[in-house]
Amino acid sequence: MSEVLINGKSYEYSRETTLEAVARDFMMEYDGKIVLAMKNGVLRELIRTVGEGGTLSFITTKEAAGIDTYERSVIFLAVRAIYDLEPE
């Protein structure tokens, strides 16, 4: 188990727990959709795991970094869709 500090409170999670699973536990506390995590001061994708634990906060689509991340994801999806329609 790893200790994770979120909003000033300590929580215990398995090291293999994804940041997405942790975000689901806290999504009701945020206005926008959670799209990124800030773990120990470093932006992390939600597919990453809790690992050693540490301080964790979440970035939503209401914030600049969250909007940029969401837009980038949509661009990658569009590029992939175009490639699938016209492979070389």
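A residue counts as buried here when its relative accessible area is under 20%. The model you are looking at is a predicted one.

Let us start with the strands. Strand β1 covers residues 2–6 and strand β5 covers residues 54–60; the two run parallel and are joined by three bridges. If you look along this pair, you will find isoleucine 6 opposite leucine 56 in β5. Strand β5 also pairs with strand β3, residues 34–39, this time in the antiparallel sense and over five bridges. Here alanine 37 stands opposite phenylalanine 58 in β5.

Next, turn to helix α1, which spans residues 19–26 and has Leu19, Val22, Ala23 and Phe26 as its buried residues. These four lie on the same side of α1, because they cover an arc of only 100° around the axis. There is a simple rule behind such patterns: an α-helix has 3.6 residues a turn, so residues three or four places apart point the same way. What do the buried residues of α1 pack against? Their partners are the strands β1, β2 (9–13), β3, β4 (42–44) and β5.

This brings us to the largest nonpolar core, a set of 14 residues. Within this core, Ile6, Val22, Phe26, Leu56 and Phe58 touch the most other members. At least two core residues come from each of β1, α1, β3 and β5, and α1 gives the most, with four. Apart from its neighbours within four places in sequence, isoleucine 6 is in contact with Tyr11, Val22, Phe26, Leu56 and Phe58.

Now for the aromatic rings. How many aromatic pairs does a search of the whole structure find? The search finds three. In one of them, the rings of tyrosine 11 and phenylalanine 26 have their centres 5.1 Å apart and their planes at 80°, so this pair is edge-to-face. Tyrosine 11 belongs to strand β2 and phenylalanine 26 to helix α1, so the pair ties together parts that are 15 residues apart in sequence.

Charged side chains come next. Side chains of opposite charge can pair when their charged atoms come close. Across the whole structure, a search finds two salt bridges. One is between arginine 15 and glutamate 52, whose closest N and O atoms are 2.6 Å apart. This pair links distant parts of the chain, 37 residues apart: arginine 15 sits in the loop between β2 and α1, and glutamate 52 in the loop between β4 and β5. Arginine 15 is partly exposed, with a relative accessible area of 39%, whereas glutamate 52 is exposed, at 62%.

The other salt bridge joins aspartate 84 to arginine 80, with 3.1 Å between the closest N and O atoms. Why are these two separated by about one helical turn? Both are in helix α2, residues 64–85, and they are four residues apart, which means a separation of about one helical turn. Aspartate 84 is partly exposed, with a relative accessible area of 46%.

The loops deserve a visit too. The loop between β4 and β5 is also the place of arginine 48, which counts as partly exposed at 43% relative accessibility. Although arginine 48 and threonine 17 are 31 residues apart in sequence, their C-alpha atoms are 8.4 Å apart in space. Leaving out neighbours within four places in sequence, arginine 48 is in contact with Thr17, Thr18 and Leu19.

Finally, look at two asparagines in other loops. Asparagine 7 is in the loop between β1 and β2, and its phi is near 50°, a positive value in a residue other than glycine. Asparagine 40, in the loop between β3 and β4, likewise has a positive phi near 50°. Asparagine 7 is partly exposed at 49% relative accessibility, and asparagine 40 is partly exposed with a relative accessible area of 48%.

Conventions: Residues numbered from 1 in each chain as written. Predicted model: local features only at pLDDT ≥ 70, side-chain atom pairs only at ≥ 80, totals over all residues. Heavy atoms only, no water. Pairing = 2+ DSSP bridges. Buried < 20%, exposed > 50% of the residue type's maximum accessible area, 1.4 Å probe, protein only. Arc of directions from axis to C-beta. Contact = heavy atoms within 4.5 Å. Core = buried A, V, L, I, M, F, W, Y, C linked by side-chain atoms within 4.5 Å. Salt bridge = Lys/Arg side-chain N within 4 Å of Asp/Glu carboxyl O. Phe/Tyr/Trp six-rings, centres within 6.5 Å; stacked < 30°, edge-to-face > 60°.
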